[in-house]
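Here are my notes on this model, point by point. Please read them with the coordinates open.

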Amino acid sequence: MVTPYEAIGQDTLEAVIDRFYSYVEDDTRINHLFPGDFTETARKQKQFLTQFLGGPSLYTAEHGHPMLRMRHLPFKITTFERDAWIDDMTRALHDFDMDSELRTFILERLKMTATHMVNSEE
Ligand code: HEM
């Protein structure tokens with residue numbers, strides 16, 4: 001069985017993530033939450049999504065257990081911020097040529113994880 005990671009390929013995955021953060025950088029709904037420089041954030045996200053999609057456990061090797069919800073607790077995330085994150089990721093994934101079922105599968109998994117990050121009602 002080909003993993004989603006193998007299906008999208010490391011190069012496209014990294015390009016999607018760079019594009020995603022370029023959208024986040026311009027997105028006034030959420031850009032204030034991030035440090036001014038996205039280099040390190042993007043590097044960690046590449047490691048994380050590699051393992052999230054079935055590739056090597058790069059994130060865990062360097063940072064330990066992801067504990068993503070806990071790592072997001074310092075930031076106030078309501079459904080508003082979640083939806084902004086998902087919008088930017090949806091745009092980024094549509095900027096690259098890939099199988100539409102693969103894109104839908106990846107987006108659905110990311111939407112579930114993004115909803116799990118919601119830590120505030122208003
Ligand atoms: C880190 C925001 C959803 C994965 C961060 C950071 C912010 C943030 C502000 C810290 C950036 C930094 O200091 O470098 C958000 C918001 C989300 C969201 C507003 C909306 C729901 C997600 C989702 C994933 C994810 C869905 C994974 C699928 C990560 C990772 C890090 C991170 C891997 C780096 C953690 C670390 O420091 O090791 N996020 N995030 N985030 N986020 Fe999110």
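**Notes on helix packing and the ligand shell**

1. Helix 2 passes helix 6 in a right-handed crossing. The model is predicted, so treat each point below as a computed reading of that prediction. The axes of helix 2 and helix 6 come within 8 Å, with a crossing angle of roughly 135°. Helix 2 is therefore oblique to helix 6.

2. Which residues make this contact? Helix 2 supplies V16, R19, F20, Y23 and V24, and helix 6 supplies D88, M89, R91, A92 and L93. Seven of these residues are nonpolar and three are charged. No polar residue takes part in the contact of helix 2 with helix 6.

3. S22 also belongs to helix 2, which spans residues 10-25. Is S22 exposed, partly exposed or buried? S22 counts as partly exposed, because 16 C-beta neighbours lie inside 10 Å. S22 and F38 are 16 residues apart in sequence. In space their C-alpha atoms are 8.6 Å apart.

4. Helix 6 covers residues 79-94 and helix 7 covers residues 100-116. Their axes come within 10 Å and cross at roughly 165°. Angles over 145 degrees count as roughly antiparallel, so helix 6 is roughly antiparallel to helix 7. This crossing is right-handed.

5. On the helix 6 side, the contact with helix 7 is made by R82, W85, I86, M89, T90 and L93. On the helix 7 side, R103, I106, L107, L110, K111, A114 and T115 take part. By class, the contact has eight nonpolar, two polar and three charged residues.

6. What surrounds the ligand? There are 23 residues around the ligand, and L33, T41, F48, W85 and A114 come nearest. Helix 3 (39-52), helix 5, helix 6 and helix 7 each give two or more residues to the shell. Helix 3 gives the most, with six residues. The shell divides into 13 nonpolar, five polar and five charged residues.

7. M67 has a phi near 40°, a positive value in a residue other than glycine. Where is M67? M67 lies in the loop between helix 4 (58-63) and helix 5 (68-72). M67 has 10 C-beta neighbours inside 10 Å, so M67 counts as exposed.

Conventions:
Residues are numbered from 1 along each chain as its sequence is written. This is a predicted model: local features need pLDDT of at least 70, side-chain atom pairs count only at pLDDT 80 or more; totals for chains, interfaces and linings use all residues. Axes are lines fitted to C-alpha atoms, for helices over the stretch in contact, and angles run from 0 to 180 degrees between N-to-C directions. Helices (H or I, at least four residues) and strands (E, at least two) are DSSP runs, numbered from the N terminus. Angles under 35 degrees count as roughly parallel, over 145 as roughly antiparallel, 65 to 115 as roughly perpendicular and the rest as oblique. A crossing is left-handed if the near helix is turned anticlockwise from the far one by less than a right angle, and right-handed if clockwise. Two residues are in contact if their C-beta atoms, placed from the backbone, lie within 7 Å. Ala, Val, Leu, Ile, Met, Phe, Trp, Tyr, Cys and Pro count as nonpolar, Asp, Glu, Lys and Arg as charged, and the others, Gly among them, as polar. A residue is buried if 20 or more other C-beta atoms lie within 10 Å of its own, exposed if 12 or fewer, and partly exposed in between; C-beta atoms are placed from the backbone. A residue is near a molecule or strand if its C-beta atom, placed from the backbone, lies within 6 Å of it.
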